[in-house]
Amino acid sequence: MAQAIQSSTPKLFSPYQMGRFNLAHRVVFAPCTRCRAVDHMPQEAHIEYYSQRSTQGGLLITEGTMIDPKSAGYPNVPGIFNQEQVEAWKKVVNAVHAKGALLFCQLWHVGRASHHVYQPNGGAPVSSTGKQITEKWRILMPDGSYGPFSKPQTLSTEEVSKYVDLYRVAAMNAMEAGFDGVEIHSAHGYFIDQFLKDGINDRTDQFGGSLENRCRFLVQIVEAVSGAIGAERVAVRISPAIDHMDATDTDPLGLGLGVVERLNQFQAKAGCKLAYLHVTHPRFVSKEERSDSTKFEAIMMGSLRKAYEGTFMASGGYTRQLGIDDVEQGKADLVSFGRQFIANPDLVRRFMLDAPLNKYDRSTFYTSDPVVGFTDYPFLCGGGGGGSETASLSLTA
């Protein structure tokens, strides 16, 4: 008997209503640090890079974008804290919008995940703690070598509150640049995650100790940013189970549910949903460290998905089929892809056609070349020119 041909389009490639935004498909370009922003300024190459990966009705999230001069932990990362940067981002946003896509700006501060070479006047990085990231982890230096992270300076209670306002101002700058929304980066061992995780946060003030207190910084940022630009334009990214740069917690599931509970409470009070919650899948947790890893992954993501009252985006180690499966099974509304999108500017088209993928070159992820490993990955059938083939692809094919 001949095998039946599946005629329906997988939900991964179907439209989705993300609050006020109409998406034509659910394949999202994840934020990926690329180190091409000379002097923290988006360049002409960024216009081509993001435009190449834009599709009609698609959603892209920028690389982590500095909210102030102390935010950097990599060389040549972009900022959104001064007018010159705002003007440069306008060109990128306009190019993405010209393809019919949406662009969110990921607001980023690395906190203690930095080195004095990246700090104004060679000062110490700031954090929730004075504890230094251990020698297990290394930081990329401007010359391409790797070295130890610098010892951070613990922020006072008053200084923490000032950073809430820096996120608000950065979000307003993003709106001036024309972005459709912002994603508050609260994951992967960076600044906000350093408050959330009890393996890092050793504070005794209102921002430390209990889960309520450790969530306070994030909640205040969400409130401030939403008050400035509207909650429907605000998203949050978390990674409760990811231990990157010593970002451990004794109860990652409890932490994730605690964040979700507070976001739900905020949405109920605001009478408006956030744009989305972006959660990094815990599949990167070492199997050697957690023998029940697969079971834990399912429990973690399933519990957060069930608890969160809004659009749920998943990321981390996804393949085409894993993305299709999770959306079909209701485990996620949207799925973001990073490394595969870096190497395949027309990833949406390739996924829809189930076509072969370009292999990514990890050695060019964080180099400064404006072309190699950035805008030179080939399109299908020799296509290119800023992704014209991708943009014109029928999303019901």
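The structure holds one cavity of 30 Å³ or more, where a cavity is a set of points on a 1 Å grid over the protein atoms alone at which a 1.4 Å probe fits but cannot get out. This is a predicted model, in which local features need pLDDT of at least 70 and side-chain atom pairs count only at pLDDT 80 or more, while totals for chains, interfaces and linings use all residues. Residues are numbered from 1 along each chain as its sequence is written, and side-chain values use heavy atoms, with hydrogens and water left out.

**The cavity**

- The largest cavity has a volume of about 30 Å³; a volume is the space filled by probe spheres set on the grid points, which are joined across faces, edges and corners.
- Its lining is made up of His 25, Val 27, Phe 29, Arg 53, Thr 55, Gly 58, Leu 59, Leu 60, Phe 341 and Val 348, a lining residue being one with an atom within 4 Å of a point.
- Strands β3 and β4 are the elements that give two or more residues to this lining; helices (H or I, at least four residues) and strands (E, at least two) are DSSP runs, numbered from the N terminus.
- By class, the lining of the largest cavity has six nonpolar, three polar and one charged residues. Ala, Val, Leu, Ile, Met, Phe, Trp, Tyr, Cys and Pro count as nonpolar, Asp, Glu, Lys and Arg as charged, and the others, Gly among them, as polar.

**The pockets**

- A pocket, in contrast to a cavity, is an open set of points with protein on both sides within 12 Å along at least five of seven lines.
- The volume of the largest pocket is about 1400 Å³.
- Its lining has 46 residues, and those nearest the centre are Tyr 74, His 188, His 244, Arg 339 and Tyr 366.
- β6, β8 (139-140), β15 (334-337) and α9 each supply at least two residues of the lining of the largest pocket, and α9 gives the most, with three residues.
- Sorted by class, the lining of the largest pocket has 23 nonpolar, 16 polar and seven charged residues.
- The second largest pocket holds about 280 Å³ of space. It is lined by 17 residues, with His 281, Glu 297, Ala 298, Asp 326 and Lys 331 closest to its centre.
- Helix α7 (293-307), strand β14 (312-315) and helix α8 (320-328) each supply at least two residues of the lining of the second largest pocket, with α7 giving the most, six residues.
- That lining has seven nonpolar, four polar and six charged residues.

**Helix α1**

- Helix α1 (residues 44-52) is mostly covered, with seven of its nine residues buried; buried means under 20% relative accessible area, exposed over 50%, and partly exposed in between (1.4 Å probe, protein chains only).
- The buried residues of α1 are Ala 45, His 46, Ile 47, Tyr 49, Tyr 50, Ser 51 and Gln 52.
- They pack against β3 (27-29), β4 (59-61), α2 (83-98), β6 (102-108) and α9 (339-343).

- Five of the five residues of strand β13 (residues 276-280) are buried, so the strand is largely enclosed by the rest of the structure.
- Side chains in a regular strand alternate between the two faces of the sheet. In β13, Tyr 276, His 278 and Thr 280 point one way and Leu 277 and Val 279 the other.
- Strand β12 (residues 234-238) pairs with β13 in the parallel sense over four bridges; two strands pair if DSSP finds at least two bridges between them.
- Arg 237 stands opposite His 278 of β13.
- β13 also runs parallel to β14, joined by four bridges, and Phe 312 in β14 is the bridge partner of Leu 277.
- A right-handed β-α-β unit is made by β12, helix α6 (residues 252-270) and β13; right-handed means that, with the strands pointing away from the viewer, the path from the first strand over the helix to the second runs clockwise.

**Two partly exposed residues**

- Val 117, in the loop between β6 and β7 (126-127), is partly exposed, with a relative accessible area of 42%.
- Leaving aside neighbours within four places in sequence, Val 117 is in contact (heavy atoms within 4.5 Å) with Met 141 and Pro 142.
- Ala 307 belongs to helix α7 and counts as partly exposed at 27% relative accessibility.
- Ala 307 and Asn 264 are 43 residues apart in sequence and 8.7 Å apart in space, C-alpha to C-alpha.
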